[in-house]
Amino acid sequence: MNQEDFQSRPILELREKIQPEIVELIRQQRLNRLCEGTCFRKISTRRRQDKFWYCRLSPNHKVLHYGDLEENPQGEVPHDSLQEKLPVADIKAVVTGKECPHMKEKGALKQNKEVLELAFSLLYESDEYLNFIAPDKHEYCVWTDGLNALLGKEMTSDLTKSDMDTLLSMEMKLRLLDLENIQIPEAPPPIPKEPSSYDFVYDCN
């Protein structure tokens, strides 16, 4: 199909209908990743050696389990080995970049643009924060998307936009496969007139 076909009204209506299904698919994928958990690095201006901590979402999506680790783990860390808990219901907001409390502190962190782009924080209770620095941009997008999804907010990361375009394009092509080389009309076919009588007789024998 050429580009004009994809701009026709029936195609645009189909795209609009499919889009919520794709959003839900991405949302479930993000939450599944949060349930697997991620190891985060603690960056301190005072200590040079690496310190690690792990955070993961409970399978019922109601609690974040987290705790310090002695070293970078190989694979998932079980919930019962993570000492701290944060109920999702207590989370007030997700803030990123310069808005994070640990990015406002004096020191090298504030000057490091690369770290700034990977920073996010959870605001809970009155002035309490749980601060994160993602290991890379992909994990940053996964976690900020997943946390926003938990709070019922829109997922706005670059990764979500890319996934949405890819999955939507694939789904559209699959659904339109049977219509190859068939011209799609702009308007639906006319609805026939109602019959004069609805007193139909069906012979079931």
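Predicted model: local features only at pLDDT ≥ 70, side-chain atom pairs only at ≥ 80, totals over all residues.

Which pattern of helices and strands does the protein chain follow when read along the sequence? The pattern is α-α-β-β-β-β-β-α-α-α-β-β-α-α. In total, the protein chain has seven helices and seven strands; helices (H or I, at least four residues) and strands (E, at least two) are DSSP runs, numbered from the N terminus.

Residues are numbered from 1 along each chain as its sequence is written, and side-chain values use heavy atoms, with hydrogens and water left out.

**The whole chain**

Display the surface of the protein chain. Of the 205 residues in the protein chain, 36% are buried. Here buried means under 20% relative accessible area, exposed means over 50%, and partly exposed lies in between (1.4 Å probe, protein chains only). Among contacts between residues at least 6 apart in sequence, 50% join residues at least 24 apart, where contact means heavy atoms within 4.5 Å.

**The open sheet**

Next, select the strands β1 to β4. These four strands form an open sheet in the order β1-β2-β3-β4, with antiparallel pairing. The edge strands are β1 (38-42) and β4 (84-87), each of which pairs on one side only. From one strand to the next, the twist averages 25°. Two strands pair if DSSP finds at least two bridges between them. Strands of a sheet pair through backbone hydrogen bonds, either parallel or antiparallel.

Helix α2 lies across β1 and β2 (51-57) and runs at about 130° to β2. For such angles, axes are lines fitted to C-alpha atoms, for helices over the stretch in contact, and angles run from 0 to 180 degrees between N-to-C directions.

**H65 within the sheet**

Select H65, which is placed in strand β3 (residues 63-69). Four bridges join β3 to β4, and the two strands run antiparallel. Which residue of β4 stands opposite H65? That residue is K85.

Is H65 buried or exposed? H65 has a relative accessible area of 10%, so H65 is buried. Not counting residues up to four places away in sequence, H65 touches Y54, C55, R56, S58, H79, L82, E84 and K85.

A salt bridge is a side-chain nitrogen of Lys or Arg within 4 Å of a carboxyl oxygen of Asp or Glu. By this rule the count comes to seven salt bridges.

Select R30 and D145. These two residues form a salt bridge whose closest N and O atoms are 3.1 Å apart. The pair links distant parts of the chain, with R30 in helix α2 and D145 in helix α6 (residues 137-150), 115 residues apart. R30 is buried at 1% relative accessibility, and D145 is likewise buried, with a relative accessible area of 1%.

Then select R33 and E139. In this salt bridge the closest N and O atoms are 2.7 Å apart. R33 in helix α2 and E139 in helix α6 are 106 residues apart, and the pair links distant parts of the chain. R33 counts as buried at 15% relative accessibility, and E139 counts as buried at 11%.

Move to R175 and E171, both in helix α7 (residues 158-175), four residues apart, or about one turn of the helix. R175 forms a salt bridge with E171, the closest N and O atoms being 2.9 Å apart. R175 is partly exposed at 36% relative accessible area, and E171 is partly exposed at 24%.

**The loop at E125**

Finally, select E125, in the loop between β6 (119-124) and β7 (128-133). With a relative accessible area of 52%, E125 is exposed. E125 touches D90 and K92, not counting residues up to four places away in sequence. The C-alpha atoms of E125 and I91 are separated by 7.3 Å, although these residues are 34 residues apart along the chain.
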